[in-house]
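Welcome! Keep the structure open as you read.

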Amino acid sequence: MRIATPIRTLFALFVTALLAGTSVLVATPPAEAATESPTECPNRTLPPPPVDKSEEPPPGEQSPTPLPVPETPAGGERMAECGIVRPADSPEPPEDITAAAWLVQDLDTGYVLAAKNPHGRYRPASLIKTLLALVVLEELPPDHVVVATKEDANQECTCVGLVEGGEYTVDQLIHALLMHSGNDVAHALATALGGVDAAVEKMNALAEWLGAADTRAATPSGLDGPGMMTSAYDMSLIFRYAMQQPAYAEAVGTKHIDFPGGPGEPDFPVYNDNPLWASYEGFLGGKTGFTDDARHTYVGAAERDGRRIAVVLLQAEQQPIRVAEQAQRLLDYGFGLAAVGKEPVGTVTTAPPFSSVDEDGEGTDVIDVATTSPNDPFGTTGWIVTLIVTVLVLTGLLVGHRKGLLRRPD
């Protein structure tokens with residue numbers, strides 16, 4: 001059964017309201033009210049102005065209109081706040097964090113431990129490759145062979161080194177995409193998905209499904225383009241979902257592979273370029289990014305004593321300390337908050353699968369995702385309760401109909 005988007009949304013809101021107050025929802029604990037409304041936060045509607053012409057649309061086209069700002073922020077009331085968002089009576093965040101927006105979460109529970117400007121809109125740079133990887137993993141088998149084109153090989157680098165005519169499996173390309181952030185690989189995978197425009201459309205459909213309302217991909221690689229944006233909350237949402245997918249977690253957690261060298265050429269080593277592999281105990285993997293407009297972006301996760309903490313930084317600078325060290329300090333901060341049991345300031349949760357209705361009124365599957373995550377408010381228990389309510393409503397209708405038949409004159 002395919003449900004049109006407005007009906008699906010109303011149904012989800014009904015079920016959410018019905019289940020409020022039960023143990024099914026991961027509720028945001030009570031916290032002090034936001035100090036500013038969402039419209040007063042910097043960059044709540046658009047990222048900062050670009051510094052170059054990379055976001056100018058092609059001749060004859062217009063820039064996309066800004067994404068609408070939800071009246072209720074995803075993740076809880078405190079996610080609408082500007083500036084630092086942290087639990088009451090908690091330590092100050094570490095010094096020298098240059099990111100305009102950041103978020104620290106418990107990767108397993110989805111609790112937001114602390115954040116800065118969580119729904120402020122900035123550019124993702126190569127962090128958007130996570131969306132591309134998720135679409136590829138959903139649609140293409142790992143042994144599917146992609147033949148690189150001249151256009152793939154000539155992409156603006158960072159590049160892994162695809163060679164025109166070279167044959168690569170999807171598994172090899174996914175590893176190179178996430179380990180070394182190859183823009184040539186991103187273009188090749190986008191082509192395999194039906195072309196750049198089709199790939200971007202699928203990436204944005206996935207972002208919508210996840211509930212990432214601040215996110216719009218403009219390119220498959222993260223190179224700046226018209227309308228490109230995300231938020232620290234959204235990238236945390238996307239990364240949390242990605243780390244629940246074994247193939248993604250395995251790829252970002254790989255330190256070294258031998259990559260095909262192209263026709264007649266030997267394989268060559270590709271190393272994971274994430275600097276925390278060498279400096280942070282329990283590091284699980286992540287993704288780096290940079291463009292002139294986005295500046296430095298980062299996402300990564302680590303595990304200690306059975307607890308996994310993840311961090312996202314957007315629009316950061318390498319001075320006074322490198323972005324990787326800033327991420328390390330925020331991870332330490334997150335582990336400290338979790339260890340003392342500080343109440344979270346929000347939650348990172350995903351939405352249930354959905355289908356959409358096209359212009360002809362026919363239902364089409366936007367993305368075929370497996371079941372909801374263990375911490376999804378629409379998990380197994382939630383759907384059982386929903387089923388029970390549905391049965392009760394139908395039973396009431398049938399009983400009323402039967403009584404009507406009994407009262408009908410002969």
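How much space lies in the second largest pocket? About 620 Å³, in what is a predicted model. The notes below start with that pocket, then turn to the cores and the aromatic rings.

**The second largest pocket**
- Of the 28 residues lining this pocket, Thr-158, Thr-288, Gly-289, Phe-290 and His-296 are the closest to its centre.
- Strand 10 (283-291), strand 11 (295-304) and helix 9 (323-339) each give two or more residues to the lining, and strand 10 gives the most, with five.
- By type, the lining has 13 polar, eight charged and seven nonpolar residues.

**The nonpolar cores**
- The largest nonpolar core has 67 residues, and the ones touching the most other members are Ile-174, Leu-177 and Phe-259.
- Helix 7 (residues 232-243) gives the most to this core: nine residues.
- A second, separate core holds 25 residues, among them Ile-97, Trp-102, Leu-276 and Leu-330.
- Leaving out residues up to four places away in sequence, Leu-177 touches several residues, including Leu-132, Val-185 and Lys-287.

**Aromatic rings**
- You can look for five aromatic pairs in the structure.
- Tyr-168 and Phe-259 are stacked, at 5.2 Å centre to centre with 15 degrees between the planes.
- This pair joins strand 6 (residues 167-169) to strand 8 (residues 256-259), with the two residues 91 apart in the chain.
- Tyr-168 is buried, at 1% relative accessible area, and Phe-259 is buried too, at 0%.
- Tyr-168, Phe-259 and Phe-268 make up one aromatic cluster.

Definitions and conventions. Residues are numbered from 1 along each chain as its sequence is written. This is a predicted model: local features need pLDDT of at least 70, side-chain atom pairs count only at pLDDT 80 or more; totals for chains, interfaces and linings use all residues. Side-chain values use heavy atoms; hydrogens and water are left out. A nonpolar core is a set of buried Ala, Val, Leu, Ile, Met, Phe, Trp, Tyr and Cys residues joined through side-chain atoms within 4.5 Å. Buried means under 20% relative accessible area, exposed over 50%, partly exposed in between (1.4 Å probe, protein chains only). Helices (H or I, at least four residues) and strands (E, at least two) are DSSP runs, numbered from the N terminus. Contact means heavy atoms within 4.5 Å. On a 1 Å grid over the protein atoms alone, a cavity is a set of points where a 1.4 Å probe fits but cannot get out, and a pocket is an open set with protein on both sides within 12 Å along at least five of seven lines; lining residues have an atom within 4 Å of a point. Grid points are joined across faces, edges and corners, and a volume is the space filled by probe spheres set on the points. Ala, Val, Leu, Ile, Met, Phe, Trp, Tyr, Cys and Pro count as nonpolar, Asp, Glu, Lys and Arg as charged, and the others, Gly among them, as polar. Rings of Phe, Tyr and Trp (its six-membered ring) pair if their centres lie within 6.5 Å; planes under 30 degrees apart count as stacked, over 60 as edge-to-face and the rest as tilted.
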